[in-house]
Amino acid sequence: MPRRKSSVKRTRADKKKYLRNLRITRKLKTVLKDFQKLVAAKKNDEAKKFLMDVFSQLDKAAKKNIIHPNRVNRTKSRLSRKLS
């Protein structure tokens with residue numbers, strides 16, 4: 001347990017940041033899994049519409065520095081290739 005005031009505050013802030021990142025990461029994982037299910041079920045029309053939502057979630061995660069931007073671009077490229 002930290003003793004200094006600044007350490008206590010830092011711990012509190014880190015916990016909040018961790019929970020925020022966790023929430024966004026989990027949402028991203030579920031969105032990606034849902035997209036994979038649509039592609040596997042050969043529902044291409046629905047998958048194309050859903051792809052924009054996936055891209056949006058990926059971009060938001062990159063904007064908040066949860067995922068590296070290059071990883072986001074690579075993932076978007078792979079998902080687009082998988083759809084076509």
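Lys76 is buried in this predicted model, with a relative accessible area of 19%, which is counted as buried because the cut-off for that word is under 20%. The place of Lys76 is in helix 3, and, if residues up to four places away in sequence are not counted, Lys76 touches Phe55, Leu58 and Asp59. One of these partners, Leu58, has contacts of its own beyond four places in sequence, and they are with Leu28, Val72, Thr75, Lys76 and Leu79.

**Helix 2 against helix 3**

How do helix 2 and helix 3 lie relative to each other, roughly parallel or roughly antiparallel? The two helices pack at an angle of about 175 degrees, and their axes are 10 Å apart. Because angles over 145 degrees count as roughly antiparallel, helix 2 and helix 3 are therefore described as roughly antiparallel to each other. On the side of helix 2, the contact is made by Asn44, Ala47, Lys48, Leu51, Val54, Phe55, Leu58, Asp59 and Ala62, while helix 3 brings Pro69, Val72, Thr75, Lys76, Leu79, Ser80 and Leu83 to the contact. When the residues of this contact are divided by class, 10 are nonpolar, three are polar and three are charged.

Ser80, which takes part in this contact, lies in helix 3 and is partly exposed, with a relative accessible area of 31%. Leaving aside neighbours within four places in sequence, Ser80 is in contact with Leu51 and Phe55. Along the chain, Ser80 and Phe55 are 25 residues apart, and in space their C-alpha atoms are 10.0 Å apart.

**Helix 1 against helix 3**

Helix 1, which covers residues 5–40, packs on helix 3, which covers residues 69–83, at an angle of about 20 degrees, and the axes of the two helices are 10 Å apart. That angle makes helix 1 roughly parallel to helix 3, because angles under 35 degrees are counted in this way. The crossing in which helix 1 passes helix 3 is left-handed. From helix 1, the residues that make the contact are Leu32, Phe35, Gln36 and Val39, and from helix 3 they are Leu79, Lys82 and Leu83. By class, this contact of helix 1 with helix 3 has five nonpolar residues, one polar residue and one charged residue.

Gln36, whose place is in helix 1, is partly exposed, with a relative accessible area of 31%. Apart from residues up to four places away in sequence, Gln36 touches Leu79 and Lys82. The C-alpha atoms of Gln36 and Asp14, which are 22 residues apart along the chain, are separated by 33 Å.

Which elements give two or more residues to the largest nonpolar core? That core has 17 residues, and those with the most contacts inside it are Phe35, Ala47, Leu51, Val54, Leu58, Leu79 and Leu83. The elements that give two or more residues to the core are helix 1, helix 2 (44–63) and helix 3, and the largest share, seven residues, comes from helix 2.

Helix 2 is also the place of Gln57, which is buried, with a relative accessible area of 17%. If neighbours within four places in sequence are left aside, Gln57 is in contact with Lys27, Leu28 and Val31.

Most residues other than glycine have a negative phi. Lys42, although not a glycine, has a positive phi of about 60 degrees, and Asn65, also a residue other than glycine, has a positive phi near 60 degrees. Lys42 is found in the loop between helix 1 and helix 2, whereas Asn65 is found in the loop between helix 2 and helix 3. Lys42 counts as exposed because its relative accessibility is 68%, and Asn65 counts as exposed because its relative accessibility is 66%.

The table below lists the relative accessible area of several residues discussed above.

| Residue | Relative accessible area | Class |
|---|---|---|
| Gln57 | 17% | buried |
| Lys76 | 19% | buried |
| Ser80 | 31% | partly exposed |
| Gln36 | 31% | partly exposed |
| Asn65 | 66% | exposed |
| Lys42 | 68% | exposed |

Key. Residues numbered from 1 in each chain as written. Predicted model: local features only at pLDDT ≥ 70, side-chain atom pairs only at ≥ 80, totals over all residues. Heavy atoms only, no water. Axes fitted to C-alpha atoms, helices over the stretch in contact; angles between N-to-C directions. Helix = DSSP H or I, 4+ residues; strand = E, 2+ residues; numbered from the N terminus. Parallel < 35°, antiparallel > 145°, perpendicular 65-115°, else oblique. Left-handed = near helix turned anticlockwise from the far one by under 90°. Contact = heavy atoms within 4.5 Å. Nonpolar A, V, L, I, M, F, W, Y, C, P; charged D, E, K, R; others polar. Core = buried A, V, L, I, M, F, W, Y, C linked by side-chain atoms within 4.5 Å. Buried < 20%, exposed > 50% of the residue type's maximum accessible area, 1.4 Å probe, protein only.
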